[in-house]
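User: Hi! I am new to reading protein models and would like to learn how labels get attached to the parts of one. Could you walk me through this one?

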Amino acid sequence: MIRGRTLRDYAAGSLWVWPTFWALVALGAGAGLSQVTATPGSPLAAFAFQGTAEEARNLLTTVASTVVTVIALVLGLTVVALQLSSTQFSPRLLRNFLRDPATQRVLSVFMSTFTYSAAGLYTVGVVANGQVEDFPRLAVSGSIVLLFVTLGMVVYFADHLAHSIQIDAITEVVQTSTLSVVRSKPGRVEQPTPTAPDWAVAVASTRSGYLGAAYPRKIISMAARYDVCVLMNRMVGQHIVAGTTLAWVWRPTASDPTPDAAVFTRSVNDVVRIGFERTLEQDAAFGIRQLVDMACKALSPAVNDPYTAVQAIDHLSVIFCALARRPLGDDVATAPSGSARVIVPGRRFGDYLSTMCGLIRRYGSTEPTVAVGLLRLLNDCLTSVGDDRARTEVIMAQAALILEDAQRAIPQPADVESVRRWATALLQRVVPGAAV
């Protein structure tokens, strides 16, 4: 199952897999149409190509050469879009463009048209170095149909590309993808992550890369059979090096027989997906990181675009309000009987919030609109957490840091006043009548 997920994820992020698949389908369709003969007077005769064999070959040659030119144009535009998103917004957004279904559909149509037309040159009107008038006319008509579809896809791609590189479209895609990860997470355990005891045995990772996903329930039966606890040494989204500790395994007491690490090495490595890049499969922090990168890039002296940073904060507000309503923490699989458990450490609400607020606050400490945007986010989160005292304290701690940085970095007292008003209003929601 994990291997299948990996293959699907690779196919979704590759520009060659689906175009190659549909090119092969086009070859099969062309071979099938070549066997269909449109006899005079039949319903298919109206759709058959009416020219000569030489005209058919010229048509196929023209279509194939035209499509090659169009493919070069589309790939050029795609590279420009990738470069723009990488330099102006974040290099971590390139994955979103590569996984764009519209781009893969357009390339699939182009490849299908080219292979269909190019393959037809081997069969249309040529027998033993001579030309004949008997050729698959319906198959040639199919090339004309594909040419019109290709021209339509060029217009569609130009429109899609113009919209997809807009900041609003980019942030909306990241927000939607991240929310789907947040909502798909199972119930998490809020208690502190346990610490591996001294008698725990280390299980090494067999691969280097980022921990993209972990499935603790797939190994709980094995943990129950040996009566052990398994604690992953990395959170989803963190990097690990081959040969270092991937997990700790231990039995209930030090007097119990020591587990054999070799027994668990393959099983533990099989229930995690380690790749060369972070993904959004289980890593909501990666989506948050993309929006934070956009905000920090917009606040850099080279770009100097605070409004884009505020837009990113607005979309982060939606994500953090969703996080504030859900249990966060470790993903724990427990055996029906006995003490066996498999634990994957997870981030808490405070971890997400401090990382996001800390980076944007430090980059945007001199801009009042950014500080106010962060305080608005915290105000929305305060509404979402309800009576959760621990999360309320985390929110108020971040609000205090934002106000402190604004007072230190913004030279004009009048500019600080709007930040102070928002911080005061936030504090008074928790402690009525208080002032900062």
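Predicted model: local features only at pLDDT ≥ 70, side-chain atom pairs only at ≥ 80, totals over all residues.

User: Which residues of α7 are buried?

Analyst: Ile167, Ile170, Thr171, Val174, Gln175, Thr178, Leu179, Val181 and Val182 are buried.

User: How do you know that they line one face of α7?

Analyst: Look down the axis of α7: its buried residues fall within an arc of 160 degrees, so they line one face of the helix. On the other side of α7, you will find Arg183 and Ser184 exposed.

User: What do the buried residues of α7 pack against?

Analyst: Their packing partners are α3 (53-89), α4 (94-98), α6 (137-164), α10 (284-298) and α11 (306-324).

User: Now to another spot. Why is serine 108 called buried?

Analyst: Its relative accessibility is 6%, and buried means under 20%. Because 6% is under that cut-off, serine 108 counts as buried. You can find serine 108 in helix α5 (residues 101-120).

User: What is serine 108 in contact with, leaving aside its neighbours within four places in sequence?

Analyst: Serine 108 is in contact with Trp18, Pro19 and Trp22.

User: How many cavities of 30 Å³ or more does the structure hold?

Analyst: It holds three of them.

User: Which residues lie nearest the centre of the largest cavity?

Analyst: Of the 17 residues that line the largest cavity, Lys185, Arg188, Val236, Gln282 and Gly346 lie nearest its centre. Sorted by class, the lining has nine nonpolar, three polar and five charged residues.

User: And which helix gives the largest share of the lining of the second largest cavity?

Analyst: That is α6, with four residues. Helices α3, α4 and α6 each supply at least two residues of this lining. Among the lining residues are Leu15, Thr78, Phe97, Asp100 and His160. By class, the second largest cavity is lined by seven nonpolar, four polar and one charged residues.

Conventions:
Residues numbered from 1 in each chain as written. Heavy atoms only, no water. Buried < 20%, exposed > 50% of the residue type's maximum accessible area, 1.4 Å probe, protein only. Arc of directions from axis to C-beta. Contact = heavy atoms within 4.5 Å. 1 Å grid on protein atoms, 1.4 Å probe; cavity = no way out; pocket = protein on both sides within 12 Å on 5 of 7 lines; lining within 4 Å. Points joined across faces, edges and corners; volume = space filled by probe spheres on them. Nonpolar A, V, L, I, M, F, W, Y, C, P; charged D, E, K, R; others polar.
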